[in-house]
Amino acid sequence: MVTETLLAYIGCTKALSMWIHAAHHVSKGPGFSSDHELLYGKIYEAVSEDVDGLIEKSIMICGSERCACPIEISTIACQILKKYETPVEKSSDDIALIARDFMGEHIQNLTHLFSILQENEALSLGMDDYLAASANDYEKYYYFLNQRCKE
């Protein structure tokens with residue numbers, strides 16, 4: 001149960017990283033510079049780093065290298081990506097709306113992971129700290145995206 005939940009969250013994080021990276025590439029319009037670099041660029045870099053740290057912590061918690069399996073992670077990420085419209089050929093406003101919704105679901109997934117780890121007494125002090133810091137960052141990014149969506 002713990003390994004499956006960690007893999008699901010890793011896949012979700014990888015999917016978010018890929019989607020936000022694409023949003024970074026296809027930023028356009030009057031807000032191009034700020035969207036490209038300060039919004040999607042900043043979020044993409046942070047989420048990409050999270051994937052690495054999350055996999056390492058997950059291997060430690062599970063005692064299994066399965067949490068680093070690129071096939072499983074990519075399969076999960078692909079399933080999650082299919083739930084969202086691509087940022088390609090979308091307006092800058094639509095990209096921001098989809099990104100905000102994706103980030104909101106990611107925060108819910110993080111909360112679910114935290115609960116599962118707690119229930120299974122698999123939440124180390126370091127993982128607790130790591131997830132709390134991630135939640136703090138993701139809530140900040142949600143705020144930024146939500147503000148970007150307002151007129």
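Mentor: We begin with a definition: a helix axis is a line fitted to C-alpha atoms over the stretch in contact, and the angle between two axes runs from 0 to 180 degrees between N-to-C directions. The model before us is predicted.

Trainee: At what angle do the axes of helix α2 and helix α5 cross, and within what distance do they come?

Mentor: The axes of α2, residues 32-62, and α5, residues 125-149, cross at roughly 160 degrees and come within 11 Å. Angles over 145 degrees count as roughly antiparallel, and α2 is therefore roughly antiparallel to α5. The crossing of this pair is left-handed.

Trainee: How do the residues of the contact between α2 and α5 divide by class?

Mentor: The contact of α2 with α5 has 13 nonpolar residues, together with six charged and four polar ones.

Trainee: How do the axes of α1 and α2 cross?

Mentor: The axes of α1 and α2 come within 9 Å, and their crossing angle is roughly 160 degrees. This angle makes α1 roughly antiparallel to α2. The crossing of α1 past α2 is left-handed. By class, 16 residues of the contact between α1 and α2 are nonpolar, nine are polar and three are charged.

Trainee: At what angle do α1 and α3 pack?

Mentor: The angle between α1 and α3 is about 60 degrees, and their axes are 7 Å apart. That angle makes α1 oblique to α3. Here α1 passes α3 in a right-handed crossing.

Trainee: Which residues make the contact between α1 and α3?

Mentor: From α1 come Leu7, Ala8, Ile10, Gly11, Cys12, Lys14, Ala15, Met18 and Trp19, while α3 contributes Glu72, Ile73, Ile76, Ala77, Ile80 and Leu81. The classes in the contact of α1 with α3 are twelve nonpolar, two charged and one polar.

Trainee: Which residues touch the most other members of the largest nonpolar core?

Mentor: Trp19 and Tyr40 do so, in a core of 45 residues. At least two residues of this core come from each of α1 (2-25), α2, α3 (70-81), α4 (92-119) and α5. The largest share, eleven residues, is supplied by α1.

Trainee: Leaving aside neighbours within four places in sequence, with which residues is tryptophan 19 in contact?

Mentor: With those neighbours left aside, tryptophan 19 is in contact with Leu81, Tyr84, Glu85, Thr86, Pro87, Ile95, Ile98, Ala99 and Phe102.

Trainee: Let us turn to other side chains. Is serine 134 buried or exposed?

Mentor: Serine 134 belongs to helix α5. Its relative accessible area is 4%, so serine 134 is buried. Apart from neighbours within four places in sequence, serine 134 contacts Asp50 and Leu110.

Trainee: Is histidine 36 buried or exposed?

Mentor: Histidine 36, found in helix α2, is buried because its relative accessible area is 19%, and the cut-off for burial is under 20%. When its neighbours within four places in sequence are left aside, histidine 36 is in contact with His24, Ser27 and Gly41. Between histidine 36 and serine 64 there are 37 Å in space, C-alpha to C-alpha, with the two residues 28 apart in sequence.

Trainee: The backbone remains to be read. What is the phi of glutamate 89?

Mentor: Glutamate 89 has a positive phi of about 65 degrees although it is not a glycine. Glutamate 89 lies in the loop between α3 and α4. A relative accessible area over 50% counts as exposed, so glutamate 89, at 75% relative accessibility, is exposed.

Trainee: What is the phi of glutamate 121, and where is this residue found?

Mentor: The phi of glutamate 121 is positive, near 50 degrees, in a residue other than glycine. Glutamate 121 is found in the loop between α4 and α5. With a relative accessible area of 77%, glutamate 121 is exposed.

Conventions:
Residues numbered from 1 in each chain as written. Predicted model: local features only at pLDDT ≥ 70, side-chain atom pairs only at ≥ 80, totals over all residues. Heavy atoms only, no water. Helix = DSSP H or I, 4+ residues; strand = E, 2+ residues; numbered from the N terminus. Parallel < 35°, antiparallel > 145°, perpendicular 65-115°, else oblique. Left-handed = near helix turned anticlockwise from the far one by under 90°. Nonpolar A, V, L, I, M, F, W, Y, C, P; charged D, E, K, R; others polar. Core = buried A, V, L, I, M, F, W, Y, C linked by side-chain atoms within 4.5 Å. Buried < 20%, exposed > 50% of the residue type's maximum accessible area, 1.4 Å probe, protein only. Contact = heavy atoms within 4.5 Å.
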